[in-house]
Amino acid sequence: MTSTPEPPFPPSPFAPEPHNPFFNPHAAKIPEFDPPDTEVDLTGLREECDSAWKLAGRVLGDAGTGREAITRSAREFSELIDSDISSAGAFNEKEWQKACLVLTYAASVADTWRRDVKEFRDKRQDLIGRYRSAALLAGLGKNDFSPTHPGANPFLQPGLERPPVYGPHAPSPRQIAYDEVHREFMRKGQKLKDELEETAEERATLLDEGPDPSNLKLLVEAGALGWGAYNILGADRDVPLPVSTGQAEKMAKEMEAYLDGDKEPDARFHEILAAVGAVAAKAEALQKANKPDMGPQHPMSAASSPPGLDEEEIEFLETFYGELEEMTPTGVVHVMPWLEGGFGPDWSAAERKAFATEVANGLLVLSDEDLGGGQERLPSSVQDFANGLPFNDWRANGMSEGRAEGVRPHNWLADAEDFSLLLENADPGLRGGRNFSANVTLSLGHHLGHTDLAITEEREAALGSLLDVTTRNEEANHTVLAGTDDHPADYVEDGRYASPHMPGFESNADALLGLYAFDWKDGGEAVAGLTDWIPEFSKGTPSQADMAGTTTLRLMETLAGDGDEKPFHDTGQRSDTKYELSVTEINPGLAENLTEIYLTYQEDLTLDSETRDTNGYATITSGQGSLLLHDPFDKALFVDGDTQRDFVQLLVADKKNAGVITSSVESLERKIIDIALDSPDNSAPRHAGANVGAVRTIVHDAMINEYVDRTDNREEAKQQAADNWQTGFNITVAISNGALGSVPVAGPVLAPTTETLLRLFEHPGKADFLEEWDQENQGGEQRPKDIIDHGPKSVQHAQLQLLDVMTRRGAIDPQVLVREGLLPSDFDAEKDMVVPSVRDTMGGRNLSGNYATLMEILEAAGKDEANRDSGENPVPDFFEGVRDNYVPDSKQDKGD
């Protein structure tokens, strides 16, 4: 037998031997990967989106620039729409805005869906690209050999294993890894498709729901709508703005090139300012919504809670101003002198104005706590300024040559002049935050009261302009006038306050004195902004009324002084007088404003003395008999008599003002009498007399104190007080009898009231009006000096007041007065006035006898006015109340 020769080397175990039991015909393969796709034609969708934007542009008059014009930058709707459309006679702007918004909204939704599809396709392609790498990576470490195969291959070297026998139902470990990766990526692909289908439903819902605020915000965040909602709807609607911290950094970097002079202002320059301006415009609308008024409800006021700016919008401003602070060598406070003094870029006046307006507006917005801002978010130079700290780095910024006084340490008023050049450009309807506004106002007052520097007319005008801005915030004014924390409460540890050039910042009252005692060239109109809101707020919402009431109380207490310390009465300034002037003599405009406040709360000041033991603005809880001008549970101002007197003394220090005060008392007395005669309460007449006597006492004492302080002569003081009562009497008679026709604004007046006087007092033609009645009513009338002093004659003026009310009510026929010799026989009720004629007739020798006759007539008429239930005559009780409560203080000579 012939033997087969052995091979020269062992055969390969992987050789394709047909009968080799170790051969594996099923080698591992990476499966094909084709994740789910969408049938949406992206190219066709893009064309549809372009068509939608062209349609929106066509509505505006330019189909070719729809998307660009509507979404790129902040603009007014009037700028978007073609003038040929807007000037058409049938043009309705609101309807056109609605149409444009619908088309823009639909185009934005379509654009968003196009981006969704493109994003899906991009992610799907990325998944495909990552699949093969993931499969190969999973297969590394896997092979076709099994370390646990039971058989052994004698031809393999030690340590090598032979491959197992794999069939179609026994995949290799590598194949298993490939398959697992495939399944995982198919799941990811299916998830992408499911998410796209969900997104499609959401976009369909957007179209169904239309452009409501939440949907607009979603489209802005998606980057499809841009400035479209703002440009179409305007700032009055709470629309989302496409701003962010990143946008602020980008815009600030771009603005730096303009500020450095490397780039001339162009369209992008104005786009950046428009973005800041859009946030400010939205904020201004929100401020109006957050401040309820007596007019129609603001569109944004429907929110359940006061709306504010989005955090992204506040952060946008904070970032932008933080960058601006660093890129201007003077800081934001001094940016305008830097721009205007030849130190900054060579901009035109219009470019500087545009910059200043938007920067000023944005600063005020950023300072407003109610919008989400606050003083702590302002640039550091502005924070220091608000806290009363001067800027002391002039030499470092290259401006010291043009500002010789600027290098002097601690000249805060120079900073104020510079900062006002910026803030004076702010929109009049925009206000700063509570803390920022209050702190600037207080800092100004402290520095005005402390400075030894001469203040030029230009600087004074700038300071007044600054006050005009800082006093726009009523809550800030409340803080200044009624706040418990003195400024700067949170910064007393700062060493810069220790300089001898700095004010003491001891109390808000010191700051108020600095503001009120400064001789403003406008008569104090600017500083009156601190309080000119009080009359309106007193009639506003409960919270507004509370704020007005508590502010007025604290204001009265501060101005009245403490004991013998009366710095607002005796300021140390004398002008051409021998006595120290009061703040109201220095600033007549301030006197007028304070008088309006007095007239606003005058009825509250009639509450019986027993209810005035504690000052406050509180709910009335006293008995109904004393409430002639109020109802139980009304809120009212309770002020003690001494405080009232010392406050009124400031008002009557101004001669023209004194006549208005006395006239208001005359008017108030008649109103009280009229109400008491109608009251079913038996005690009402006596309470009326008490109120009349108490109010007259306070005003009379205020005048006597003021004039004695001036002349140190009681007789002269009495005569001046008598002159003022005469003036007040003449005003009241002239108005109530229509001797001068109609009161400006108020119309014909049959019964003078405080409201009438307020309207007269506020009218621009007041001076001419008062001069006219003075000329027509001063001749031949007996001065009432003899009937206003303490003693039995104190009721005689009250008799004239009661006579006026009763004749108007028809309780006394003028012919009765003619028969008794109190009116002339030729008296004509159609043309003549009863009270002045009675007083003229009684001006003879038998003065006391005439008043006795008049008292008999009044008491007889009182029987007809008697309470129907009790039958009591109200006249004696009324005069009893007058006698008991008209008690001028000891500064008068009661023996005269």
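This is a predicted model: local features need pLDDT of at least 70, side-chain atom pairs count only at pLDDT 80 or more; totals for chains, interfaces and linings use all residues.
1. Ground rules. Residues are numbered from 1 along each chain as its sequence is written, and side-chain values use heavy atoms, with hydrogens and water left out. Local features need pLDDT of at least 70 and side-chain atom pairs count only at pLDDT 80 or more, while totals for chains, interfaces and linings use all residues.

2. Overall make-up. The protein has 34 helices and 2 strands (DSSP runs, H or I of at least four residues and E of at least two, numbered from the N terminus). Of its 896 residues, 52% are buried, meaning under 20% relative accessible area with a 1.4 Å probe, protein chains only.

3. The cores. A nonpolar core is a set of buried Ala, Val, Leu, Ile, Met, Phe, Trp, Tyr and Cys residues joined through side-chain atoms within 4.5 Å. The largest one has 179 residues, and Phe355, Phe419 and Leu817 are among those with the most contacts inside it. Helix 10 (residues 267-290) gives this core its largest share, 11 residues. Apart from it lies another core of 16 residues, including Leu42 and Phe185.

4. Aromatic pairs. Rings of Phe, Tyr and Trp (its six-membered ring) pair if their centres lie within 6.5 Å, with planes under 30 degrees apart stacked, over 60 edge-to-face and the rest tilted. The count is 14 pairs. Phe385 lies in helix 14 (residues 380-386) and Phe419 in helix 15 (residues 412-423), so the pair ties together parts 34 residues apart in sequence. Both residues, Phe385 and Phe419, are buried.

Terms used: Buried means under 20% relative accessible area, exposed over 50%, partly exposed in between (1.4 Å probe, protein chains only).
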